[in-house]
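Keep the 3D view open as you read.

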Amino acid sequence: MFLEKYFYKLILSYDGTCYCGYQKQPQTKTIQQTLENALKSMTKRQINTFAASRTDKGVHAQEQTIHFQTAFAIELKRFKNTLNRILPPDIRIKKIEKATADFHARYWAKSKIYHYIFAKKPLNAFNYRFQVFVANLDFAKIKSAMNLIIGKYNFASFTNDKKEKNFNKTVLNAFVKETSQNYILIFHADGFLKYMVRFLVGGLIEIGKNKMSLELFKAMLTNTTNQKVSLLAPAKGLFLKKIFY
């Protein structure tokens, strides 16, 4: 008997503070497990989800892309509203739409944008979850270093992933946006390695505190040194901003 299948694409936002990353792990609270539990509670069936980016513990997302399939048709608006009522308030469904049978949230992604947010002033009880404050950073030097990141490089000095075989990524744009309250570091690339943005930001913090030279940072990008960035920037300042298809 032929069972009809239905395919969907879902846009998700979340505050990653209380979760051990996106991807399911045994006996651990994650975004994916929480989402799939909510789907099962609503549909009484196990629905497996697949994400574009497996964000780390404590990292946030404004637009994470998910795909999944069901054996039944979904009324999109009702499905979204009901799922949001079941999910905790730190996970929100922004949009759900039909997808083609071959769509894959991860493998179809052409590029992604991440933001890393620095506060200009010490944090308080109402903003500490989503930004980082580091005193006396020289953002003129950080801006100069951001320009160096643009291009295709081997980013082996900016990850601790020992299983990765291809460290080459192309950074399409990297710059600092200043607002009245924040400095926002913006990274747009065709892909990112594990911890890549956080190690890049760690290196930029070292540059901003005059603990690393621009020359050494460039040498790490061009693999003309064996040194690696040792400072991993805190997860809470990092947001998955947008994914392009």
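How many residues line the second largest pocket, and which of them lie nearest its centre? Please bear in mind as we go that the model is predicted. The lining of the second largest pocket is made up of 17 residues, and those nearest the centre are Ile47, Asn48, Phe68, Gln69 and Thr70. The volume of the second largest pocket comes to about 220 Å³. If you look for the elements behind this lining, you will find that β1 (6–14) and β3 each contribute at least two residues. The largest share belongs to β3, which provides four residues. By residue class, the lining of the second largest pocket holds 10 nonpolar residues, six polar ones and one charged.

Colour the lining of the largest pocket by class and you will get 14 nonpolar, six polar and 11 charged residues.

Where does the largest pocket sit relative to the domains? Domain 1 (6–98) and domain 2 (111–244) both give residues to its lining, so the largest pocket lies between them. These are the two domains into which the chain is divided. Their contact takes 16 residues from domain 1 and 14 residues from domain 2. Taken over C-alpha atoms, the centres of domain 1 and domain 2 are separated by 27 Å.

Residues 13–107 are 25% helix and 24% strand, with 20 Å between the end C-alpha atoms. For residues 145–245, the figures are 26% helix and 30% strand, and the end C-alpha atoms of that span are 28 Å apart.

The unreviewed UniProt entry also places the feature "active site" at Asp56. Which part of the chain holds aspartate 56? Aspartate 56 is in the loop between β2 (50–51) and β3 (60–70). Once the neighbours within four places in sequence are left aside, aspartate 56 is in contact with Gly21, Tyr195 and Arg198.

One last stop is threonine 225, in the loop between α5 (214–221) and β9 (238–244). What does the side chain of threonine 225 reach at 3.2 Å? At that distance lies the backbone nitrogen of glutamine 227. Again leaving aside neighbours within four places in sequence, threonine 225 is in contact with Leu216, Ala219 and Met220.

Notes. Residues are numbered from 1 along each chain as its sequence is written. This is a predicted model: local features need pLDDT of at least 70, side-chain atom pairs count only at pLDDT 80 or more; totals for chains, interfaces and linings use all residues. Side-chain values use heavy atoms; hydrogens and water are left out. A polar contact is a pair of N or O atoms within 3.5 Å; within protein, one must be able to donate a hydrogen and the other to accept it, and residues adjacent in sequence count only if both atoms are side-chain atoms. Contact means heavy atoms within 4.5 Å. UniProt positions are given in the numbering used here, feature names are shortened, and annotations may be inferred rather than shown by experiment. Ala, Val, Leu, Ile, Met, Phe, Trp, Tyr, Cys and Pro count as nonpolar, Asp, Glu, Lys and Arg as charged, and the others, Gly among them, as polar. Domain bounds come from an automatic or database domain assignment. On a 1 Å grid over the protein atoms alone, a cavity is a set of points where a 1.4 Å probe fits but cannot get out, and a pocket is an open set with protein on both sides within 12 Å along at least five of seven lines; lining residues have an atom within 4 Å of a point. Grid points are joined across faces, edges and corners, and a volume is the space filled by probe spheres set on the points.
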